[in-house]
Amino acid sequence: MIHGLSAFPLTPMNESSIDLHAFAGLVERLAAAGVGSMGVLGSTGSYAYLEKAERMRVLREALAHSGDVPVIVGIGALRTRDVLALARDAEDAGAAGLLLAPVSYQPLKEHEVYTLFESVCTAVGTPICVYDNPGTTHFRFSDELHGRIAALPNIASIKIPRLSDDPAEAAARVTALRAHLPAHVTLGISGDAAAVRGLAAGCDGWYSVTGGLFPGVVQQITRAAGTGDMATAQAVSARLAPLWALYDRFGGIRVMACAAALMGLCAEDCLPRPLLGLRGEERAHVAQVLRGLELL
């Protein structure tokens, strides 16, 4: 499912509606850039804030404007019945892949998460990416659980969280996880600041927030890494350090929303409440960083 860049765009919205025109424009930018795939309704795409019908409108809009680029769609929800309904609708609509995080309010046990993935694999035939994101779900997969889930039919990829800053530790982590997985299941790194370490450690691709708005610069990194030119990949990533610092300070979704508004790609107020966009000095700081990186 994942090799190279999988770009994750925003879903611009306000409290009354989704800005489908702005969203279509973001999708068209990714299609024109020739990204490997795009992941709509991920965390940056605000899937958790949208109702089922809204999520289907977003998916259909993505499919209508994505050209030949495969579309992966988030189907995470609190209840298994809702996950199954979203999975079936996405498969019927023509999504190339499903991105599933174990969303919860009550903390989940390992057997409950396994049963969730087993239920979806039984219901649909579309390839599934396991979304391992403890920062939002507060669930931590063990390597053994990853292995059990990866043995299910349809499991095609695992989106793993940020790795250690130490290259040796990052490589050891990827090696240890791969030992539990079938050969066909790919690993995609997330956490943009650490993506080069993940690619150097043997990940197959990069599930990228930055790529959802700035696919060109992210493709420079993934293409260099794909040819073994890690020096170039690391140099480009290091140049983007001021952008990574903004993510750490404000959160990636707020930075991307601010950047998209500064670029005239969506309205300034484009996040679901209670999330609030950056204003004043914070917005000016983002603009300054983007201009310094020649991204604005």
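Predicted model: local features only at pLDDT ≥ 70, side-chain atom pairs only at ≥ 80, totals over all residues.
Local features were required to have pLDDT of at least 70 and side-chain atom pairs pLDDT 80 or more, while totals for chains, interfaces and linings use all residues. Residues are numbered from 1 along each chain as its sequence is written, and side-chain values use heavy atoms, with hydrogens and water left out.

Helices H2 (residues 52–65) and H3 (residues 80–93) have axes that come within 11 Å and cross at roughly 25 degrees. Helices (H or I, at least four residues) and strands (E, at least two) are DSSP runs numbered from the N terminus; axes are lines fitted to C-alpha atoms, for helices over the stretch in contact, with angles from 0 to 180 degrees between N-to-C directions. H2 and H3 are therefore roughly parallel (an angle under 35 degrees). Lys 52, Arg 55, Met 56, Leu 59 and Leu 63 of H2 meet Ala 85, Leu 86, Asp 89, Ala 90 and Ala 93 of H3, where contact means heavy atoms within 4.5 Å.

Thr 210 lies in the loop between strand E8 (205–208) and helix H9 (215–226). Thr 210 has 0% relative accessibility and so counts as buried (under 20% relative accessible area, with exposed over 50% and partly exposed in between; 1.4 Å probe, protein chains only). Beyond its neighbours within four places in sequence, Thr 210 contacts Asp 192, Pro 215, Val 218, Leu 243, Trp 244, Tyr 247 and Met 256.

Gly 216, in helix H9, counts as partly exposed at 38% relative accessibility. Gly 216 and Glu 28 are 188 residues apart in sequence, with a C-alpha to C-alpha distance of 14 Å.

Technical notes
Parallel < 35°, antiparallel > 145°, perpendicular 65-115°, else oblique.
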